[in-house]
Amino acid sequence: MEPGFTNPLNEGLGLRRAAEPCTIVIFGASGDLTKRKLIPALYSLAGKNLLAAGFSVVGAARTPMSHAEFRETMFDAVNRFSDTGPVQDIMWQNFANSLFYNTTDTKSPDSYQQLGLLLDEIDHTRGTQGNRIFFIATPPNMFISVIQRLHELGLDKSPTGGWTRIVIEKPFGLDLTSAKQLNQEVLRVFGEDQVFRIDHYLGKETVQNIMVFRFANGIFEPLWNRHFIDHVQITAAESIGVESRGEYYEQSGAFRDMIQNHMMQLLALVAMEPPVSLDTDAVRNEKIKVLQAIRPFSPAEVNRYAVRGQYGSGEPTRPQLKAYRQEANIDPGSTTETYAALKLFIDNWRWAGIPFYLRSGKRLDKQVSEIAIQFKKAPHRLFKENAGGTVEANTLVLQIQPDEGISLRFNAKIPGQALTIRPVNMDFRYAESFSQKSPEAYARLLLDAMLGDSSLYARGDMVEKTWELLTPVLEAWQQFTPEIPQYAPGSWGPPEADQLLERDQRRWRQP
């Protein structure tokens with residue numbers, strides 16, 4: 001590279017404004033999410049000078065800990081999980097000074113009173129101006145209790161006129177009834193503009209790029225409809241099993257853990273109409289319109305539109321791969337699904353008749369999350385007689401993880417005298433095109449919460465609508481299918497999932 005050369009693709013990077021001074025209170029601060037994601041993400045933001053000088057964090061959990069012990073625990077967490085590499089001494093010292101801890105029992109008003117006193121002290125000594133974010137990273141059965149305690153002790157209001165916001169981790173309810181109850185409780189205490197229902201998938205770079213890709217490029221949007229697209233596949237696959245999350249997974253399963261939130265949000269971004277602006281409500285209004293247009297189905301129709309499965313034990317050569325029912329904290333007779341697939345139709349002018357296939361599972365062939373847009377085949381087979389090889393339909397793939405990027409698959413002639421056609425890929429990779437690493441999803445979303453930007457967060461009506469659409473699937477599985485199909489570890493799911501597409505003369509794409 002020549003001296004003084006500037007990569008034009010980097011123009012404009014790193015110009016985002018810093019957040020106002022505030023304190024983030026993390027309920028469930030002794031859990032894995034805080035150690036693996038939240039504190040490393042905040043440390044990364046601090047390293048990019050995107051946090052105000054007085055920014056502070058208060059860990060709140062039942063585990064007794066001093067400020068010093070909490071800082072030591074978080075030091076180990078950042079060293080292990082941060083995407084910025086090993087901790088830098090000077091940077092860590094500055095960051096550690098912003099970390100505090102309050103032993104907090106959700107059933108004890110006294111511990112919340114102590115939390116309030118600590119927050120007041122931080123406001124006074126660190127200049128956080130009474131601005132507060134409450135991040136609930138507890139088990140779901142504690143969400144309402146935390147919200148009620150905050151209200152009862154007056155912590156939902158800033159004592160100095162600053163702002164207060166609440167961030168709630170998924171799952172936001174376990175069905176339509178519980179989602180409505182949780183919405184009612186949180187909106188009884190906070191306004192909708194104060195509520196941030198977090199979905200970390202929406203913080204991933206490629207997911208954010210969906211709108212840019214569609215609405216900033218004139219060549220794609222005219223093709224983004226039923227006239228040119230045959231179908232859409234959205235995949236979120238993991239090669240690992242449930243590991244240490246057995247107790248949680250028994251209550252959620254793949255459907256609640258991935259389909260209802262992450263994948264429905266991705267579908268809405270792919271299918272939405274252009275918003276009138278990038279204003280938070282303008283974007284979310286278009287997303288809810290998509291969800292409202294999805295064709296509902298009754299419990300009796302579930303077998304035509306939904307498939308579930310559960311991973312079995314490993315091959316004789318890999319006995320270490322336990323079946324789901326052999327994992328820790330799992331019922332030996334469990335019918336909880338570790339794989340779920342769904343076919344949906346969006347009954348509107350743009351998408352009428354075009355199926356959207358969603359699938360997610362654990363212990364599959366590889367870890368990959370992607371959105372595949374398969375276009376219709378060329379209307380006339382011009383090369384059917386003299387072309388060797390295969391003439392495939394064009395596919396546009398938005399790769400979310402692990403290698404973020406965009407790939408367009410099209411047909412090309414192989415060099416030589418013979419007219420032989422072969423599909424080829426034209427690829428864009430974030431890691432290759434930009435000299436800086438994509439920020440971790442939680443870093444982006446936490447900064448958005450501090451800035452008051454909820455564009456990448458789910459709104460209450462969106463959550464309730466997805467549960468309204470999908471609760472019939474859970475009810476049917478519970479009532480009508482006592483046994484659950486098994487699939488081999490390292491496969492792409494149960495045979496029933498292949499049949500879901502084969503009935504439509506289609507097949508799953510193999511990433």
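View A. A nonpolar core is a set of buried Ala, Val, Leu, Ile, Met, Phe, Trp, Tyr and Cys residues joined through side-chain atoms within 4.5 Å; buried means under 20% relative accessible area, exposed over 50%, and partly exposed in between (1.4 Å probe, protein chains only). Helices (H or I, at least four residues) and strands (E, at least two) are DSSP runs, numbered from the N terminus. Now look at L358: not counting residues up to four places away in sequence, its contacts (heavy atoms within 4.5 Å) include I259, M263, L342 and W508.

**View B. The six strands of an open sheet.** Follow the strands in the order β3-β2-β1-β4-β5-β6, with parallel pairing; two strands pair if DSSP finds at least two bridges between them. At the edges, β3 (99-103) and β6 (195-197) each pair on one side only. On average, neighbouring strands of this sheet are turned by 20° against each other, direction ignored. Helix α2 (residues 67-81) packs on the sheet, where α2 touches β2 (56-61) and β3, and its direction makes about 120° with that of β3. For such angles, axes are lines fitted to C-alpha atoms, for helices over the stretch in contact, and angles run from 0 to 180 degrees between N-to-C directions.

**View C. Where β1 meets β4.** Strands β1 (residues 23-27) and β4 (residues 132-136) run parallel and are joined by 5 bridges. Find I26 here: its bridge partner in β4 is F135.

**View D. D123 and its surroundings.** D123 sits in helix α4 (residues 109-126). D123 counts as buried because its relative accessibility is 12%. A polar atom of the D123 side chain lies 3.3 Å from the backbone nitrogen of G130. Beyond four places in sequence, D123 touches T128, Q129, G130, R132 and P159.

**View E. L445 in helix α12.** L445 belongs to helix α12 (residues 441-451) and is buried, with 0% relative accessible area. K204 is 241 residues away along the chain, yet the C-alpha atoms of L445 and K204 are separated by 9.3 Å. Leaving aside neighbours within four places in sequence, L445 is in contact with residues including I198, H200 and Y457.

**Reading the views.** Residues are numbered from 1 along each chain as its sequence is written, and side-chain values use heavy atoms, with hydrogens and water left out. In this predicted model, local features need pLDDT of at least 70 and side-chain atom pairs count only at pLDDT 80 or more, while totals for chains, interfaces and linings use all residues.

Conventions: Polar contact = N/O pair within 3.5 Å; in protein donor to acceptor, adjacent residues only side chain to side chain.
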